[in-house]
Protein chains: 2
Amino acid sequence: MTSLNSFGCGGLLRLKRRDLGSSHGVCCLKWRYGGVGRLLCAKPVEDGSDPVPISAAELSRVSGNADALETGRWDRELSTLPKQLSATDLVARSQGSNMRVAYQGLPGAFSEAAAIKAYPLCETVPCEEFDVAFKAVELWVVDRAVLPIENSSGGSIHRNYDLLLCHRLHIVGEVQLAVNHCLMALPGALAQCEFKLNELEAIQQSMHDTAGAAQIIASDNLRDAGAIASAQAAEIYGLNILEERMQDFSDNVTRFLILAREPIIPGTDRPFKTSIVFTLDEGPGVLFKALAVFSLRNINLTKIESRPQRKRPLRVVDDSNRGTAKYFEYLFYIDFEASMVEHRAQNALAHLQEFAAFLRVLGSYPKDMSKCFPQEKFSN
Amino acid sequence: MTSLNSFGCGGLLRLKRRDLGSSHGVCCLKWRYGGVGRLLCAKPVEDGSDPVPISAAELSRVSGNADALETGRWDRELSTLPKQLSATDLVARSQGSNMRVAYQGLPGAFSEAAAIKAYPLCETVPCEEFDVAFKAVELWVVDRAVLPIENSSGGSIHRNYDLLLCHRLHIVGEVQLAVNHCLMALPGALAQCEFKLNELEAIQQSMHDTAGAAQIIASDNLRDAGAIASAQAAEIYGLNILEERMQDFSDNVTRFLILAREPIIPGTDRPFKTSIVFTLDEGPGVLFKALAVFSLRNINLTKIESRPQRKRPLRVVDDSNRGTAKYFEYLFYIDFEASMVEHRAQNALAHLQEFAAFLRVLGSYPKDMSKCFPQEKFSN
């Protein structure tokens with residue numbers, strides 16, 4: 001069974017045989033998340049070279065300079081005074097002009113494509129880890145972060161659910177992106193394999209992200225290895241695409257959240273979604289009551305996710321001389337289809353607050369209604 | 001932030017400094033799951049040595065021999081005829097006498113401790129991967145598999161939720177185990193560090209499982225490395241425990257499921273739980289209705305988990321000229337506190353079946369009411 005992950009993590013496929021004993025000669029791509037706290041951040045690209053990492057120390061200096069500008073604002077030259085905004089400026093702004101958007105991965109990552117889908121004119125800023133992207137927004141290094149939250153075949157990215165709660169950012173939008181995994185290699189490499197890769201006992205090696213796998217093949221001139229990444233990554237790192245649509249399920253969509261320091265003012269001019277997180281005092285038994293507050297107001301839920309409560313993971317209950325029952329305590333994350341300006345949404349949350357031990361609105365934002373596939377199928 | 005995983009995967013801690021740039025000098029232990037299909041299976045331990053892996057080919061031969069025994073049963077000697085069962089035999093049987101129980105990991109793994117908690121007299125059989133343990137039950141190599149399904153601080157083990165659906169095994173029990181992570185090393189090793197491990201920039205290396213990390217330290221005589229594993233693993237591999245209770249949250253419990261080829265006949269003599277999996281045709285909007293079938297009959301839920309539907313991951317809906325909405329399709333896993341012999345449970349499932357597109361009962365089994373901690377706290 002070959003398993004492909006679609007969250008922007010990548011695989012390096014080495015075309016060397018190895019003794020797999022009596023197994024079926026297939027193995028899983030393995031992926032890893034999380035890690036050290038170093039910041040990979042794009043400097044302004046002046047010479048057309050790829051972005052290089054800057055250190056957290058450098059990040060602190062940047063933050064310090066911003067303060068200096070702030071305190072020295074009366075000494076500005078006239079040319080630095082704010083210009084009048086034009087209608088064109090506003091359109092450019094909505095397209096992400098002058099906006100810096102952080103994503104996890106390297107140039108060519110699916111997360112970068114999501115950032116560009118959201119803000120076509122933005123400057124994308126690669127980050128080594130998910131939590132670096134959160135911090136980059138908090139420290140004003142960037143304006144937005146775009147992070148994968150779930151994939152239609154792989155499920156939720158739990159790390160990002162946990163990070164949403166650790167940080168105080170607001171969800172201001174979502175992006176749904178069709179993820180097309182391509183197999184790629186150096187031009188001319190692997191030709192002798194006749195692309196019959198299924199018949200090879202390829203050694204599958206996990207990498208931190210898809211674009212990173214493509215980059216290593218190019219930088220280390222690996223002629224016996226292939227990578228699974230985006231078509232964009234193949235172009236950036238000068239690799240040839242051997243096969244497209246490598247994913248197990250062709251309808252492969254990843255949903256990303258757009259995060260900012262400030263919430264947006266929700267409207268009713270187009271479909272909105274709202275994301276919340278809450279805990280219930282009596283465990284999952286009252287989850288029915290929690291869902292009722294939405295159902296009674298005809299508010300549709302699009303997602304429910306449970307995660308352990310880290311600070312209070314367990315409740316032990318003495319059960320009438322038959323022993324003790326242990327209940328795991330959960331956080332519930334819910335997305336519902338309503339804008340926070342709607343009374344029914346406000347009433348539902350007021351109702352939920354009557355019995356929820358903890359409730360936080362993570363954001364109210366426009367639903368992504370764009371097409372993901374060239375010929376999108378309809379069912380209703 | 002140091003993150004400890006409690007699902008039976010292990011960490012190797014190398015006490016070498018490395019340049020961590022301007023990060024805070026801490027990094028995450030990274031864990032991996034899944035992989036190739038080789039079987040690590042314990043042979044009868046006659047010389048006191050550790051179990052050695054047997055191959056899948058050997059597994060096929062074992063299965064062939066079983067058939068041979070079956071067909072040649074009329075040639076048996078008298079001494080091999082079945083003996084009469086005694087009451088003592090029944091007690092021994094309930095304790096797992098003559099029972100082979102598969103678990104993922106190596107001797108000393110937390111999963112092995114869970115197997116022994118469930119069946120104190122059983123013979124435990126280590127498996128390289130989770131799905132090997134499932135297959136070992138299906139192929140009659142073992143009688144039971146004991147697999148972690150969720151941890152109070154780490155959350156669900158989604159791989160095992162997916163495997164529950166891929167295989168046709170039945171849940172016949174659960175085990176809740178307090179997981180105490182110990183830091184261990186070779187006797188005399190690391191003494192010069194004065195155990196001030198927090199101040200060291202230790203390189204944290206992920207391993208396939210906790211006991212595996214301990215084993216490698218012993219077999220490779222690594223005097224500059226420590227492992228995080230169970231106290232039992234320290235004893236088996238001759239390591240000294242440097243510190244106990246290394247986990248981030250002291251109330252750290254992992255819940256394991258016991259799987260068998262045949263379901264058990266549920267009773268009402270003690271508290272039972274039932275686990276089901278289902279899909280809903282109209283997406284999460286009808287989840288409220290699904291939970292109502294339990295709530296209306298005063299059946300308490302202890303767990304709800306959603307996973308993507310692999311075969312039908314996405315539903316695209318045309319939304320009145322405003323674009324297209326994409327809904328991810330989910331499988332829902334629910335545990336509820338009732339036995340399948342109870343009418344209310346049967347009625348609830350009949351009610352659910354009226355609108356669920358798919359419904360499967362994974363098992364009805366006694367709740368683990370045993371104590372996990374020496375001085376268990378009560379709250380009610």
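How many bridges join strand β12 of chain B to strand β16 (residues 330-336) of chain B? Six bridges join the two strands, which run antiparallel.

## Basis of the model

This is a predicted model, in which local features need pLDDT of at least 70 and side-chain atom pairs count only at pLDDT 80 or more, while totals for chains, interfaces and linings use all residues; side-chain values use heavy atoms, with hydrogens and water left out. Residues are numbered from 1 along each chain as its sequence is written, and chains are lettered from A and ligands numbered from 1 in the order in which they are written.

## Strand β12 of chain B

Strand β12(B) spans residues 272-280, and nine of its nine residues are buried (under 20% relative accessible area with a 1.4 Å probe, protein chains only). Strands are DSSP runs of E with at least two residues, helices are runs of H or I with at least four, and both are numbered from the N terminus. On one side of β12(B) lie B:F272, B:T274, B:I276, B:F278 and B:L280, and on the other B:K273, B:S275, B:V277 and B:T279.

Two strands pair if DSSP finds at least two bridges between them. With β16(B), the bridge partner of B:V277 is B:Y333. Strand β17(B) (residues 356-366) pairs with β12(B) in the antiparallel sense over nine bridges, and there B:L280 has B:A356 as its bridge partner.

## Helix α4 of chain B

Helix α4(B) (residues 130-138) is largely enclosed by the rest of the structure, because seven of its nine residues are buried. These are B:F130, B:D131, B:V132, B:A133, B:F134, B:A136 and B:V137. They pack against β2, β3, β4, α5 and β11 of chain B, contact meaning heavy atoms within 4.5 Å. After the helix comes B:W140, whose phi is positive, near 60°.

## Strand β3 of chain A

Four of the five residues of strand β3(A) (residues 123-127) are buried, so the strand is largely enclosed by the rest of the structure. It pairs with β2(A) (residues 100-104) in the parallel sense over five bridges, and A:R100 stands opposite A:E123. From β2(A) the chain passes through helix α3(A) (residues 110-118) to β3(A) in a right-handed β-α-β crossover: with the strands pointing away from the viewer, the path from the first strand over the helix to the second runs clockwise.

## Confidence in chain A

The mean pLDDT of chain A is 76, and 72% of its residues reach 70 or more; pLDDT is the predictor's confidence in each residue, from 0 to 100.

Key. Buried < 20%, exposed > 50% of the residue type's maximum accessible area, 1.4 Å probe, protein only.
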